[in-house]
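Subject: Structure handover

Dear colleague,

I am passing on the structure to you below, and after it you will find my notes on what was found. Please keep the view open while you read.

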Amino acid sequence: MPWDDLSKPQQTFIKSYFTTGKGLAKLGKKRNLKENKDLIEGYRAYLSAEQAALSALRGLEGSPEHTFFHDEYLNAKRMSEANGTFVIGAGDFQNIARRALRQGITNARKGKEGGEKAELADGFYRQIQSAVSEDQPRLKELETKVEGLAQLDTENVLQVPDTAFAQAHADLSSQKHNAIRHAIEDKNLSLEDAKQAMETALKEFMATRKTLMEKVDAALKDTAALETLAEAMRKAPEFRQTMQECQTIADDLIDWEVDKADAFGKTLRDIGTKAEKSRRYDLELATLTKWKTQAEKARTDAAQAFDTEAQKHRTKINTLTSGLTGLSTKVPAAQKQQLADLIAMAELVLNEGKNIGALAPLAGLLDKADTLLVELSHAEVINQKSATLITQISEVIGKPGGTDKLPAAEIQPTRYDELKTRFNELHESWQEQSPDTAHTAFDALAKQVEAFKTATDDMRVWRDDTLVKYKAVEKKVNALAKAIFDYGKEDHGTVATMLRKAFGVTGDKYEGALRDTLTEAHGMIVGEDPTLQNYAEIKLTDVETKADAWLNATARLRAAEKAGTAPDPADMGVVAELLTDQQAAVDAREEKERKIKDFEARTKQTASNLKKLKGSDQITEQTREEYEAIEKLNESALSQAKGGNLEAAEEIRSRVQHRITRAMGNPPKPVDNFDKLAGIGKSWASAVNRLSQDLATLARTAGDAVDEDSGFDGDKASKAKSGLTAIEKVATAFDATAFDAAASVLGDPDTAGDEKARKKAREDALRLVRLYRGYMKGNALVKHAAMNPFKVNGIAVPMNAILNYIELEVLRGV
């Protein structure tokens with residue numbers, strides 16, 4: 001947008017706020033023109049009415065109505081200052097003040113006695129207001145005369161403050177208004193005591209007002225007194241300009257951590273406060289000038305001390321910069337950038353202010369840069385060593401970034417993946433490290449990979465040998481089935497048959513404990529833990545020994561039967577042990593199968609019951625949804641049971657039964673605003689997103705105007721852009737997920753019976769409302785953005801509206 005297309009308030013918005021930090025300061029036309037005189041008077045009335053509105057708003061602080069009236073005030077201010085319609089704005093402020101005052105009185109009328117107090121207060125308020133109206137003409141007359149004598153130039157007209165008399169009069173009326181309001185609100189005061197307090201406030205007002213107005217009347221008749229006031233006003237613009245310059249000095253002293261910087265700052269604030277209160281800018285200007293001389297000397301001394309110390313570091317930086325330029329072109333750019341970054345950091349310290357304390361860590365930073373420069377000077381040699389290590393590592397775990405699986409991955413896949421991940425990460429970042437650091441990291445990894453290769457090679461040899469033994473033992477275990485049962489025409493003999501029948505052995509394959517031990521040993525053999533090798537060998541040996549004993553005993557029984565000799569009782573005992581082992585395994589399997597079948601039947605019955613419950617027309621939709629969720633949980637329990645995990649299945653089933661009981665006995669009661677409370681998180685996030693977009697639009701629009709204005713030099717443009725950036729970042733103070741936790745509790749019907757949890761969520765939500773509302777009210781950047789003249793309207797309105805909405809729904813729902 002071209003600068004000339006902007007309205008005057010828009011131009012002032014940029015020039016005054018982003019470059020000098022002041023409000024409207026220039027009219028841009030000659031003061032003696034009638035339209036400008038009208039504008040001046042309108043602006044003064046606007047400022048006076050604004051103070052009246054703010055005073056009335058203070059009477060509503062802490063009440064629900066305060067937010068409403070405060071938003072209305074901000075909107076009126078934004079529209080007036082954006083469009084220059086100060087006369088209309090003054091009327092708006094007066095209207096707000098009247099209604100806010102009435103609301104304050106209404107709020108105070110709580111209970112019979114409170115109402116009576118408020119009725120008393122009305123009379124006292126009216127007497128004070130009548131006196132204020134009576135005094136205004138003389139105060140205005142004095143102000144006009146002083147301003148006429150001051151004869152300030154056009155650009156400083158709107159910077160002229162009220163006279164000390166006018167300000168004292170306004171402060172007095174506000175103070176006594178508050179005293180009367182406190183008498184109304186103090187519950188410890190009886191009606192008679194409240195009346196006495198109001199009468200005292202009125203008497204004090206009248207007495208002080210009389211003295212004050214006598215001084216005003218005397219000043220109106222005393223030419224010398226008028227000239228003194230006018231002289232003070234003439235100095236107001238110069239004083240305020242000097243205050244700005246002094247504030248810059250004070251800020252530098254603080255930023256540079258100069259000794260007694262805090263004392264300088266306090267003295268400056270005291271001078272400003274005294275001048276604004278007394279309006280004797282002429283007297284305080286001398287004090288301010290003296291302060292400026294002393295502070296400038298302190299700043300100059302600090303700058304000289306900084307420059308002396310910084311020069312040593314500048315010499316080192318120049319040497320490093322020259323060394324960086326002279327490095328070989330074969331040194332990777334990423335490695336050179338490390339040195340460039342260190343140099344840039346050092347230069348930033350030297351160029352950002354004059355804080356000599358910030359130079360303390362600079363020596364260490366530059367030493368680090370010097371060491372890095374030495375490393376980079378021989379980077380080609382070190383990088384070649386790193387490349388060799390990369391090749392060695394790749395031969396074992398594959399090239400960096402690749403997904404190929406080399407033989408070592410079959411033996412220890414977890415360790416393989418771990419080393420491969422570390423290799424990939426190091427390879428991606430090694431050029432961002434110093435050459436020596438990167439080489440050290442690759443060397444350490446290469447040693448680990450070599451140890452990994454040695455370990456997996458040894459494991460492979462052991463695994464292959466042990467699997468041969470495993471298969472032999474497995475063959476013997478499989479043969480136990482033949483030792484127990486008769487197959488085809490072959491018979492173990494009558495003794496074996498007798499024993500099997502005596503022990504009630506059933507089945508057609510060996511299912512005993514040796515089978516489980518053999519499976520466990522196999523897992524150790526093909527597993528990744530080499531420390532289990534010895535345990536696997538022991539288990540194989542134990543299984544083989546036991547299987548041989550059982551097979552040999554059955555063989556001897558068969559031989560004795562064929563030879564017609566009596567069977568050895570010891571062999572019969574061994575076979576009895578085998579048969580007992582087999583039947584115990586069969587019994588355990590059948591019992592588990594029976595439990596699973598029983599669990600399936602119970603689960604199917606539950607599913608049938610849930611279907612009937614869900615189909616009832618006597619339940620709420622929320623209860624129906626709960627039954628559907630229980631159905632899915634019931635299906636999960638059945639799945640666990642079919643997989644053999646009965647313990648987990650029973651645990652899930654107990655949860656199913658509990659939820660069914662709760663749903664049948666205490667169905668969730670519908671609450672009107674559950675859905676609204678569940679959505680407060682999303683609503684808040686939407687408002688935060690809207691604020692971020694609006695602030696970005698404002699910054700972009702105002703920034704374009706700055707860029708296209710030839711009147712902005714580089715320094716002013718930079719300050720303007722800094723101000724715009726600060727406004728744009730305001731949105732980062734608002735967490736878009738702030739209300740999500742509260743919404744998840746308050747919006748969940750299942751928490752309806754959990755009073756403790758809901759009350760905590762309620763307090764959390766209301767605390768956040770107060771926090772963000774306070775930030776909106778107290779942050780100067782938020783207020784200024786809300787009053788911008790670039791037609792980016794309603795910046796603060798959505799945020800205030802959503803906070804009000806959240807507060808209302810939370811209070812209504814809990």
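This is a predicted model: local features need pLDDT of at least 70, side-chain atom pairs count only at pLDDT 80 or more; totals for chains, interfaces and linings use all residues.

The crossing of helix 15 and helix 16 is left-handed. On the side of helix 15, the contact is made by Arg415, Tyr416, Leu419, Arg422, Phe423, Leu426 and His427, while helix 16 contributes Ala441, Phe442, Leu445, Gln448, Val449 and Phe452. Sorted by class, this contact has 9 nonpolar, 2 polar and 2 charged residues. As for the geometry, the axes of helix 15 (residues 413-429) and helix 16 (residues 435-484) come within 11 Å and cross at roughly 160°; because angles over 145 degrees count as roughly antiparallel, helix 15 is roughly antiparallel to helix 16.

The second topic is the aromatic rings, for which the count comes to 10 aromatic pairs. One of them is formed by Phe239 and Tyr281, a tilted pair with 5.5 Å centre to centre and 55° between the planes. Since Phe239 lies in helix 8 (residues 223-255) and Tyr281 in helix 10 (residues 281-325), this pair ties together parts that are 42 residues apart in sequence, and both Phe239 and Tyr281 are buried.

In another pair, the ring centres of Phe734 and Tyr772 are 5.4 Å apart with their planes at 25°, so the pair is stacked. Phe734 lies in the loop between helix 25 (714-728) and helix 26 (740-746), whereas Tyr772 lies in helix 27 (residues 755-778), so parts 38 residues apart in sequence are tied together.

Best wishes

Terms used: Residues are numbered from 1 along each chain as its sequence is written. Side-chain values use heavy atoms; hydrogens and water are left out. Axes are lines fitted to C-alpha atoms, for helices over the stretch in contact, and angles run from 0 to 180 degrees between N-to-C directions. Helices (H or I, at least four residues) and strands (E, at least two) are DSSP runs, numbered from the N terminus. Angles under 35 degrees count as roughly parallel, over 145 as roughly antiparallel, 65 to 115 as roughly perpendicular and the rest as oblique. A crossing is left-handed if the near helix is turned anticlockwise from the far one by less than a right angle, and right-handed if clockwise. Contact means heavy atoms within 4.5 Å. Ala, Val, Leu, Ile, Met, Phe, Trp, Tyr, Cys and Pro count as nonpolar, Asp, Glu, Lys and Arg as charged, and the others, Gly among them, as polar. Rings of Phe, Tyr and Trp (its six-membered ring) pair if their centres lie within 6.5 Å; planes under 30 degrees apart count as stacked, over 60 as edge-to-face and the rest as tilted. Buried means under 20% relative accessible area, exposed over 50%, partly exposed in between (1.4 Å probe, protein chains only).
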